[in-house]
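Here are a few exercises to work through with the model open beside you. Try each task before reading its solution.

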Amino acid sequence: MSLRERRPGGAVEAGEDAAAALAEPDDPERCLSLLPWDRFSAWLHCVCVVGFDLELGQAVEVIYPPHSKLTDKEKTNICYLSFPDSNSGCLGDTQFCFRFRRSPGRKVSLCCFLDQLDRDLPVYLKKDPAYYYGYVYFRQVRDKSLKRGYFQKSLVLISKLPYVHLFRTMLKQIAPEYFEKSDAFLEAVCSDVDRWPSPIPGKILHLPIMGVIMKLRIPTYRDKPGTTPIVQNMHQADAQISMALPTVHEVDLFRCFCPVFFHIQMLWELVLLGEPLVVMAPSPSESSETVLALVSCISPLKYCSDFRPYFTIHDSEFKEYTTRTQAPPSVILGVTNPFFAKTLQHWPHIIRIGDIKLPVQCVVAHELCYPVIEKEIAKVALNVLAGEVPKQVKVKKLKNLKTLDSKPGVYTSYKPYLNKDEEIVKQLQKGVQQKRPTEAQSVILRRYFLELTESFIIPLERYVASLMPLQKCISPWKSPPQLRQFSQDEFMKTLEKAGPQLTSGLKGDWIGLYRHFLKSPNFDGWFRSRQKEMTQKLEALHLEALCNENLVFWSQKHSEVETVDLVLKLKNKLLQADREQLPVKTDTLKKLRAHINDIILALPDDLQDILLKTGTT
């Protein structure tokens, strides 16, 4: 169902292309000639239905749109990752997500346009071209008419975008109705998605889906970390239902961390350092949400290693990640199969999330179970306030983990570098006592992680900024200067006067934490990103320096060969600015094009013809 917007004061009705009606005049997609399914492809790769066949096992029954391409390896991964392990006992409806490697060599029709949108995202929301996400709505109910005795089917959205909350909300809207209807309903859903506006960061987007309008805003890199602009619900005069999504990507941090919230600071260190981590949980819902919460706890830093919210023994990387012939890789795995307790026993850090006894109504509506979790946490919190630390919240030795039925807790021999922050634990405990909503608890926890990460990263940002050459060193007649080399010893010396103690009251071995971090994949990814940004800034400043010169006067004093060489170099600079999206003002580029034209027009006619045909001006 598509929608259009009436004049001010009117309602939103069905009947026209919502994306066209809601697009701004400066919408970049207006510059493109979008083909059928291009809008769909900007959000989703495809929609799959995975069913259970007595002879074949899990099988992909439907892929929509029909032209969507998936390799056999990708289909196999989707099949096994779309169903909970048999031991999970997920009766009713269950939602979770997974992540898997894409097969190499795939072409993307909207590559340049989507890359342009990607540049405006915060670094932790940029898509990884090597991976797909799978968002699952699984239904298992008793059905005596089937040989197996159960109806088992999953509706799966495959996307490059890490917008967990958006796609979870979308599945809640469409999956129950799909299971009651047919594939024609799925076709209508995909047609709706193909009318969505492009996923442009910073804009309020209206996404119609089967009679409901989801209103949301995708963050941009310009947003202040920790702030989320409020998206208000629309006032509708007709029967259209609208919902404002407070976030597109965030999970409920407190809900995810409450089984281990006494160890949140240690877990933050382990994620920051890219240590191998396994989350052993009773269901894919809990494993996937906990893994996503772990990855997000170092935001605004990007977690640069691999992570799998739900991982099975059938995964194509199973052997690679479980081998004992080498050290465990830097990866976070979420698992539910008891087999992993033995297979991954050699891993250095394991989080075991215990079974929560759910009331009957929670089996069907999984969200209702979290008040039960909070009651369990409340008991523990009250004990700690009384000076008693129960065994289940203490760090356990790895040798004690033998089966997936082991007691809940964090199994590791890791000794944190920083002293424990008792204040955040007390704050969360107090919230449990006062029955503070989990959303409010999550806000407190997210702010705590943000402040901790920023205190850690600010000294690095300050030092890396000092590696940038001074602007006076940039000459229009020389290549842009190089960044100074990163020196670990030089950086460590800066910490004495400009370290994390300026913004954080936490004591401990900060120096040791930095030394460990500088060897991690997260530092490597962060530094490469900063290097690229600063190199592009130098290129942009070099372009500005060229524009401020009288290039026509220079060409008159030099030979034709030198002048032609200059024109070709300037044209290459323009192509580079466009290709790499250099942070250059539009006026600067216009001025440089004018310089190039003026120089060419001062040359002989035969050279003019050649140079005007070479490249673009």
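Two strands count as paired if DSSP finds at least two bridges between them. Keep in mind that this is a predicted model.

**Exercise 1. Work out how the sheet with order 8-9-10 is put together.**

Step 1: Start with the overall layout. The sheet is open, has 3 strands and shows mixed pairing.
Step 2: Find the edges. Strand 8 (204–209) and strand 10 (241–244) each have a single partner strand, so one side of each has no neighbour in the sheet. From one strand to the next, the twist averages 25°.
Step 3: Zoom in on one pair. Strand 8 and strand 9 (residues 212–217) run antiparallel, with 6 bridges. Take Ile-209: its bridge partner in strand 9 is Val-212.

**Exercise 2. Find which residues have the most contacts inside the largest nonpolar core.**

Step 1: This core has 112 residues, and the ones to pick out are Trp-43, Met-170 and Phe-257. Helix 15 gives the largest share, 10 residues.
Step 2: Follow Met-170. Beyond its neighbours within four places in sequence, its contacts include Ile-209, Met-214 and Trp-196.
Step 3: Look for another core. One lies apart, with 22 residues, including Val-564 and Leu-603.

**Exercise 3. Decide whether Ser-455 is buried or exposed.**

Step 1: Locate Ser-455 in helix 15 (residues 438–465).
Step 2: Its relative accessible area is 5%. Buried means under 20%, so Ser-455 is buried.
Step 3: Check its surroundings. Leaving out residues up to four places away in sequence, Ser-455 touches Pro-500, Thr-503, Ser-504 and Tyr-514.

Note on methods
Residues are numbered from 1 along each chain as its sequence is written. This is a predicted model: local features need pLDDT of at least 70, side-chain atom pairs count only at pLDDT 80 or more; totals for chains, interfaces and linings use all residues. Side-chain values use heavy atoms; hydrogens and water are left out. Helices (H or I, at least four residues) and strands (E, at least two) are DSSP runs, numbered from the N terminus. Buried means under 20% relative accessible area, exposed over 50%, partly exposed in between (1.4 Å probe, protein chains only). Contact means heavy atoms within 4.5 Å. Axes are lines fitted to C-alpha atoms, for helices over the stretch in contact, and angles run from 0 to 180 degrees between N-to-C directions. A nonpolar core is a set of buried Ala, Val, Leu, Ile, Met, Phe, Trp, Tyr and Cys residues joined through side-chain atoms within 4.5 Å.
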